[in-house]
Amino acid sequence: MRLPEQAGAVEVSGITLDSRTVRPGDLYVALPGSRVHGARFAEATVAAGAVAVLTDPTGAELAAAAGLPVVVADDARDAMADAAATLFGRPTHELMMYGITGTNGKTTTAFLLEAALEACGRRVGTIGTIGFRLDGAELPSNRTTVTTPESPDLQALLAVMLERGADSVAMEVSSHALALQRVDHIGFDIAAFTNLGRDHLDFHPTVADYFEAKARLFQPEWCRVAVVNTDDEHGQELARRLREQGSPRLVSTGFGESDHRLLEVRPEGPGMFVRCQGPYGERSFTIDLPGEHNARNAVMALAMASEAGLDADAAIEGLRHAQVPGRMQLVRLEGSRPDGRGAPRVHVDFAHTPQAISSALAAAHPGPGGRVLAVLGAGGDRDAAKREPMGRAAAEGAQVVVVTDDNPRNEDPDTIRAAVLAGARAVDGVELVEQAGRSAAIRTALSLAGPQDVLLVLGKGHEKGQIIAEKVHRFDDVEQVRTIWNALRLVGDAPAAEEDTDAQH
């Protein structure tokens, strides 16, 4: 990092990489964008009160026109993360940091870990896809990213959590965050790898690049203990590397020979019975979340708590009744239709990759003679190559598949549905329905489902909106299911629940 002579006299009170949010005393970080370099906006930040600019060599000349001290760094993102950590007092030095990466299971494992840690008497902050929380209560924020914030926002958030009494943080770490250096200068006491499937190939050139981004979390200088699912083939590769380099300490989970071994998993009630063995001995318990994948997530959370030196039995008590919004979330429906048919069991889940769809549908256990039904679509402006595998995974796991719209964004929803349907049609013996409009699709599925059936509404989970073109329309799968079911109870056939999404073509 190269400092100008006048930089020594500058007092910085904040940091941002968005020229529109600069406040007096801020260090403005000018990074290259997809279309234009952020240094082009440096002059505009002067009036807002910026006191200096941090940029890369490409942006140095552009930023100099602002007349502010310009700090030039060959790796501006790393320098930004370091500056943010310094500015906010390096809060992670006083927090027990737990990081979770992988394609599927990050959010569920973070919620399970939060429950386990709280049962052990810890005050826990959580950072991830569903939002930011402290002691189970939401921390309001203007989110700039889906899962892991940019480093200035992240360090500020960690400082707030510490100030409000947190001693531990359970954090989802996305591949974007790792590739874009958002978690540089954090340092994780314990980091976990859940699995790797096909996702985000609109950002990463190949699956191999995607894996390498995930693997960055386990650098010896970043991570003290690595908890790795070695039933996953990429987890096995990661474990091999960690053994070879000798650091960080490797802890394995899975059904095979592992440090925290799954011995038995079976459905029990609405959830799962789990028997496992670890340094704490053999333990048996139930969780309220269905599916083998959630049993795996629970054992991973238990392993992380155990490796932190916490009491395993107390952690298990926290795991028993943990719930995760939009992750195999049970939507309780009351009453019967006019013809006397009762409600199916309905779960809403965020599954939006082939692997996650397979896991979610495998977790559905219908009653005698019952079927598994699925509603799903695929997102627009994202990895188009995963759409056919998503459709195939749905058709392999369900007897009835209703293909509809997810977040079409700027793509034609008809084109997206056609790709999902093409994958589903490769599987024989499944009933396929194409239904434009997500609300109409949920209505169709509920109309088809009987009381012994299980219906999974997949893809959006906890999300409260649907993105069509550049507009976000209010849409909540859980709310839609309840509203449409209540209409079916009254009239036997229901109009679509109110949605501001009809003009999608």
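Biologist: Which element gives the most to the lining of the largest cavity?
Modeller: This is a predicted model, where local features need pLDDT of at least 70 and side-chain atom pairs count only at pLDDT 80 or more, while totals for chains, interfaces and linings use all residues. Residues are numbered from 1 along each chain as its sequence is written, and side-chain values use heavy atoms, with hydrogens and water left out. α4 (106-119), β6 (124-128) and β7 (131-134) each supply at least two lining residues (helices are DSSP runs of H or I with at least four residues, strands runs of E with at least two, numbered from the N terminus). With 3 residues, the top contributor is β6.

Biologist: How much space lies in the largest cavity?
Modeller: A cavity is a set of points on a 1 Å grid over the protein atoms alone where a 1.4 Å probe fits but cannot get out, and its lining residues have an atom within 4 Å of a point. Points are joined across faces, edges and corners, and the volume is the space filled by probe spheres set on them. The count comes to 1 cavity of 30 Å³ or more. The space in the largest cavity is about 50 Å³.

Biologist: What span separates the end C-alpha atoms of helix α5?
Modeller: The expected span is 1.5 Å times one less than the number of residues. For the 13 residues of α5 (residues 151-163), that gives 18 Å. The model agrees, because the end C-alpha atoms are apart by 18 Å.

Biologist: Is glycine 369 buried or exposed?
Modeller: Glycine 369 lies in the loop between α11 (354-362) and β18 (372-376). Its relative accessibility is 81%, so glycine 369 counts as exposed.

Biologist: What distance separates the C-alpha atoms of glycine 369 and glycine 450?
Modeller: Along the chain, glycine 369 and glycine 450 are 81 residues apart.

Definitions and conventions. On a 1 Å grid over the protein atoms alone, a cavity is a set of points where a 1.4 Å probe fits but cannot get out, and a pocket is an open set with protein on both sides within 12 Å along at least five of seven lines; lining residues have an atom within 4 Å of a point. Buried means under 20% relative accessible area, exposed over 50%, partly exposed in between (1.4 Å probe, protein chains only).
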